[in-house]
Amino acid sequence: MKAKRLLTFRRWIIPWIVIALLVSACAPAAPGAPSAPEQAGAPAGEAVTRANTLIFAADMTDIITLDPAVAYEFGGILPVGNMYETLLSFSPGETELQPVLAESWEVSQDGDMWKLTFKLNPNAKFASGNPVTADDVVFSWSRAIDINKSPAFLLTDVCQMTKENIRAVDASTVELKIPGEASPSVCLSVLTFTVAAVVEKAAVEPNLGDDMGESWLNDHSAGSGPYVLERWERNVSVTLNANPNYWGGTEPAMKRVILQNMPEAVNRQAAIETGDADIIQDVGPEQAAALEGNPDVTLVKGLSTLLVYVAVNASMPPFDNPDARQALRYAINYDNIITLLGGNGELVQEIIPIGFAGHTGKNPFKQDLEKAKELFAKAGVAEGTVIPFTVATGTAPGGVEWATIAASIQADLAQIGITLEIQQLQQSELLTKYRAQELPMLLMNWGPDFPDPDGNATPFANYEARSLAWRNNWNDPQAIELSKQAAREIDPAKRVELYAQLVEYVQNNGPYAILYQPTQIFAVRNNVEGFVYDPNDTPSISLWLIRKK
Amino acid sequence: MMRFILRRLGGLVFVLFGVSVMTFFLAQIVPADPVAAALGTNAREAQIEAYRRQLGLDQPIVVQYIRYTGRLLQGDLGASIRTRRPVADDLRDFLPATVELTIAAMLVTILVGIPLGIVAALRRNTWIDAAARILALIGGAMPIFYVGLLLLGVFYRQLRWLPGPGRLDSTLQPPTTVTGLYTVDALLTGNWPVFSDALAHLVLPAITLGLYSTAVLLRMTRSSMLEILGQDFVRTARAKGLSQRLVIGRHVFKNALPPILTIIGVIFGSLLSGAVLTETIFNWPGIGRYATTSVTTLDYPAVMGVALVAAVIYPLVNTLVDIGYSLIDPRVRTN
């Protein structure tokens, strides 16, 4: 009797559970869908334990690829830069190029072309154990040009590289020719970026598929860097293992590195507090305050390469008049903005950020309302003038709302009788209008595409490049000429001098008021050593230098 | 029965068509440019134009829609603007996580809501009833994000009894994919460490997601039971001398079940939408979080893919609920 009653009850519940399970079983992976990628095998030698595993948590929602020829997102560059190597690089804190796969290089003139010759290091070898040859370099660069994804313009436009002009002279010599109007200095800087990283031809070529090997490289690595890919779980984590055949001097102390995608700041804070993560990125002002007194955690600040700036349209009144632009620069209370940032930004008033060759460190503007008023009057801008001021929704780099910074500037100008009408737009919508040269005044940020002063100088100063100067309709022959001259100069000292001239010129004539360079805050567990962040380098975090006590 | 199912499936086609039209044209109304959003501040004009052409976004809207529908009819959801992968691949990767979480929340809801509702109805106006009603009140009133943060704060950060956000400890390797549900796959492959870790990771998000629906189901069960308890046939059954268990199990609960089943169907839909917030708080890599990222990056093909999946699941569950009806109530069958 009892059993029957039980059965009666079960009759209702069991079908439901079966239904629920059926729904779930129908939903996922279609048959034949690829399951977990093949494993690259555990690192040789030492067993992987929590003690030699580094867990790095950050918002890495932006990772869309692990192919060096395609990656152009912060989240993707970190693993890619630790798995692949370029011919040369910048080292932390240095603005001079260092050898990596190339032991030496030479720039010479060849008719009306520049000739860049690279001698490869004979010891350099891939994770497979095979040597890195000139053939691999030619293959990698040609592949990046052919695949033509987001970062390809660095090679094709900035460096002006064509496939015909890349040549393997012998097994260890690569020759690259670029047109005379291109800049060899800029090109060398571009070559430090992951798009120019070298993949092993013998490993990639058999796996090209129908997308030139991109999908294959998303689940396998074929580089010479200190780490190899264990697996990429989309939207969750990228797991790297130490390269057992790493040829570079430092053997990675961390046998395994897990790059954990953790978009929520609160979760990252909890992870570093509990020790579930060893390092977290993007610590906001609130989290920083909460972690300040934590005895197990140290906050590490690093400057980003970004600049946050006010831009005005130089062909729309009132800012078609240079005096009005200068007046704006004197009207802003920069210190107030820095205070708002609560230590998350450094005052910078020039177009070349700290950490780049050519940065002058001069901040000539301090709020001077009398002078601003005078200059506005000289430009014929009457009190009571209303100017639309467009800002993005959401948070600006440095962790303060865009609208808050805009309100501070609005209050400054209100003091001298100029009304800024703040309009908030979704960032991509703002960009579309900015690109169409429609905005009289806006607040925005810029980060260089490659670690060279030209990555900022050309966009900010050269109207012909159809970047920032163009978006602000500022067509100034002197600025254009100076930026071109500086880009082409191959003598580093002369180059720095030319950039100093350009910086000063744009500072006083350009359509910008540069406000600050935001910082990036990391929280690091106290048993972690050797963590350095330098955004000029690729990768900006050298995972192989990190150790645990 | 077969005709009934076929009719339902026929209806599903119309629903899907409606959803595809709506999501497609809603995406057109939003003023922002998805290509500009995908390529960022530094993108050059030429790059933007090239990508726009590649995606076919330079075509008139009608042409775009015809192409989109044409692909859809072949089962192709298009490629995500942001990840550049086929949307179907993304969904295949992220849907199992949501399904696993939703089922777990559903289990919490059913296993807590129904028994507690029954007990509350039987012990009406006792302390058990009062406690159940307070639970229903709290569960119904507390927003998901608050519950989630509270549970994480207490059980993960303070007590450390349960693991934090995520589906699996980051040092563990996910089980070989069979269904995509970590707990099920780990069981199937006999991977006990992964099974227990995945199960532990499920507890807090499942409670968070299931709390509200538990409250709803509890209240529904209680009132439905009370209604039936007061009916004449129950008195008759008792008068016949049937045991309390038989009266409740066979006569009362069985008759109280149809409205409860309806609510369960509705709840499943609300769990799917509630999963968006829960997944964000618990760093759960499901389609809820995928949808959020896709919306904020204006990735319309992805948003449309998620909407279509939801549009399939919801009517499907309702059909299953209707089939459930006919199993418990012969009158539905004969109609």
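This is a predicted model: local features need pLDDT of at least 70, side-chain atom pairs count only at pLDDT 80 or more; totals for chains, interfaces and linings use all residues.
Residues are numbered from 1 along each chain as its sequence is written, and chains are lettered from A and ligands numbered from 1 in the order written.

View 1. Buried means 20 or more other C-beta atoms within 10 Å of the residue's own, exposed means 12 or fewer, and partly exposed lies in between, with C-beta atoms placed from the backbone. Helices (H or I, at least four residues) and strands (E, at least two) are DSSP runs, numbered from the N terminus.

**View 2. Helix α5 against helix α9 in chain B.** α5(B) spans residues 87-122 and α9(B) residues 192-229. Their axes come within 6 Å and cross at roughly 35°. Axes are lines fitted to C-alpha atoms, for helices over the stretch in contact, and angles run from 0 to 180 degrees between N-to-C directions. The crossing is right-handed, that is, the near helix is turned clockwise from the far one by less than a right angle. By class, the contact has 21 nonpolar, seven polar and one charged residues. Ala, Val, Leu, Ile, Met, Phe, Trp, Tyr, Cys and Pro count as nonpolar, Asp, Glu, Lys and Arg as charged, and the others, Gly among them, as polar.

**View 3. Helix α5 against helix α11 in chain B.** The axes of α5(B) and α11(B), residues 244-281, come within 9 Å and cross at roughly 145°. This crossing is right-handed. Contacting residues (C-beta atoms, placed from the backbone, within 7 Å) include B:T98 and B:L101 of α5(B), and B:I248 and B:F253 of α11(B). The contact has 14 nonpolar, four polar and no charged residues.

**View 4. Positive phi at B:L298.** Phi of B:L298, a residue other than glycine, is near 60°. B:L298 sits in the loop between α12 (287-296) and α13 (300-328) of chain B. B:L298 is buried, with 22 other C-beta atoms within 10 Å.

**View 5. A cis peptide bond in chain A.** A cis bond joins A:P317 and A:P318, with omega about 0°. A:P318 is found in the loop between β13 (307-312) and α10 (322-331) of chain A.

Notes. Two residues are in contact if their C-beta atoms, placed from the backbone, lie within 7 Å.
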